[in-house]
Amino acid sequence: MAHARPIATTRSATGIPTPRLAVWWILASEVVIFGGLLGAYIMHRIGHPEWAEAASHTQTWIGAVNTFVLLTSSFTAVLAHQAAEKGNGKEAAKLLGFTIIGALTFLMIKSYEWTTEIIAGYTITANTFWSFYYTAAGLHALHVIAGAIIMGFIAVDAYRGRELHRVEIIGIYWHFVDVVWIFLFPLLYIAK
Amino acid sequence: MSENNEHHDGHGHDDGHHVNYKKIYFILLGLFVISVVGPELGIRWVTLITAFGIAVVKARLVINNFMHLAWEKRIMKWMLATSVLLMFLMVAGVAPDVMNHEGNNWENLAAKAEVERGLAYAAGYSSDEGEDEAEPEVVVAAGFSAATSYGQICATCHGAGGAGDGIAGAALDPPPANFTDPAFWADPARDRDRVITVIRDGAAAVGGSALMAPWGALYTEEQLEQVADYVMSFRPDA
């Protein structure tokens with residue numbers, strides 16, 4: 001090692017590398033955040049039969065396209081990890097680039113979707129269903145934005161062959177964002 | 001590079017499992033297609049299995065193969081399991097209150113009223129079914145309808161049929177007026193102007209119960225007249 005690193009980044013009592021332990025800790029807290037939100041949504045949905053009418057106005061095909069986009073971006077993210085494992089930083093950076101494109105595509109589709117809904121009068125204050133809809137999908141979208149930005153930094157480093165282990169870390173986070181959407185999709189779009 | 005290798009190989013995590021990512025990806029896509037097509041059949045249990053059952057399978061595939069949790073140290077799984085457990089604990093703790101609107105010794109009037117209002121709204125709304133594209137505009141352009149407005153606001157206490165049997169009215173004392181009762185209209189003072197005044201300013205304005213709140217802020221004068229006419233249409237001799 002050419003320069004000293006803080007001890008906390010290299011030692012590991014659990015046998016798990018600290019960065020990976022850290023991202024799993026973040027995800028453990030995210031489980032409670034998204035789980036609480038989606039749990040509350042499911043309970044209200046069951047208690048309020050009138051939500052079915054509101055839910056029938058979500059645009060299934062847009063949600064479906066976005067599911068495909070996120071699944072694919074998860075695939076490129078895991079391929080980036082594979083490339084990084086082999087020490088191929090340039091390839092990893094390229095694949096992270098594809099993942100970022102996936103994130104941007106997702107956000108553009110989401111913007112279009114929300115625009116049409118808001119114009120049609122389905123705003124966050126329209127009723128409780130739409131409040132949940134915008135809160136859950138909005139919180140998820142914030143995670144997509146954050147992930148894309150962090151991925152950008154990591155891709156630049158990876159391209160220069162630096163800090164390749166971070167490709168896996170951002171990948172784990174990104175797959176989690178994908179998993180959240182895997183549940184959001186049927187909850188908000190399919191259950192009508 | 002040696003630094004990165006250290007991170008990867010030093011802990012023995014990445015050795016010994018070689019996932020065929022492409023295969024997993026295509027399985028995920030296949031499951032995704034089923035989860036979209038299945039619910040189209042419109043059969044309830046097929047929808048539940050294809051939408052939510054498959055979501056769980058997809059999530060497992062991603063978590064195990066893409067996030068490599070399957071190869072992660074056991075303590076990590078326990079940590080995540082704790083989070084999931086706490087989440088379910090929270091849900092289980094509040095579920096009886098959220099999913100039901102009444103119990104042995106309690107009743108959630110606001111939630112019941114909300115359900116009734118929403119259903120009345122949905123009923124008045126889905127009359128033009130089968131025109132998905134056109135529906136969003138309806139919301140914006142919807143003109144005023146005394147019947148719809150009655151269904152959304154007045155019916156909560158006065159009942160959809162005007163018999164004073166609305167869900168939120170059950171607990172009120174004095175009970176909400178029953179517009180279908182001839183005795184109610186026997187008082188000659190209860191003419192159209194009086195009904196308009198009560199809707200606009202509340203019953204207290206004419207010496208009645210303050211539980212009949214003023215709704216004037218919601219309506220124009222013309223709309224007030226329409227709602228009053230609608231209320232008076234419940235009159236047995238009307």
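Okay, let's start with chain B: going from the N terminus, its elements read α-α-α-α-α-α-α-α-α-α. That's 10 helices and zero strands, where helices (H or I, at least four residues) and strands (E, at least two) are DSSP runs, numbered from the N terminus.

Quick housekeeping. This is a predicted model, where local features need pLDDT of at least 70, side-chain atom pairs count only at pLDDT 80 or more, and totals for chains, interfaces and linings use all residues. Residues are numbered from 1 along each chain as its sequence is written, while chains are lettered from A and ligands numbered from 1 in the order in which they are written.

Now, where do the chains meet? Chain A puts in 46 residues and chain B 53 residues, with contact meaning C-beta atoms, placed from the backbone, within 7 Å. On chain A's side, α2 (18–47), α4 (60–85) and α7 (165–190) each give at least two residues, and α2(A) has the largest share, 11 residues.

Next, the cores: a nonpolar core is a set of buried Ala, Val, Leu, Ile, Met, Phe, Trp, Tyr and Cys residues joined through C-beta atoms within 7 Å. The largest one has 63 residues, and Ala158(A) and Val167(A) are among those with the most contacts inside it. Its largest share, 18 residues, comes from α7(A). Ala158(A) touches residues including Gly89(A), Leu96(A) and Val167(A), leaving aside those up to four places away in sequence. There's also a second, separate core of 16 residues, with Tyr150(B) and Val231(B) among them.

Terms used
Two residues are in contact if their C-beta atoms, placed from the backbone, lie within 7 Å. A residue is buried if 20 or more other C-beta atoms lie within 10 Å of its own, exposed if 12 or fewer, and partly exposed in between; C-beta atoms are placed from the backbone.
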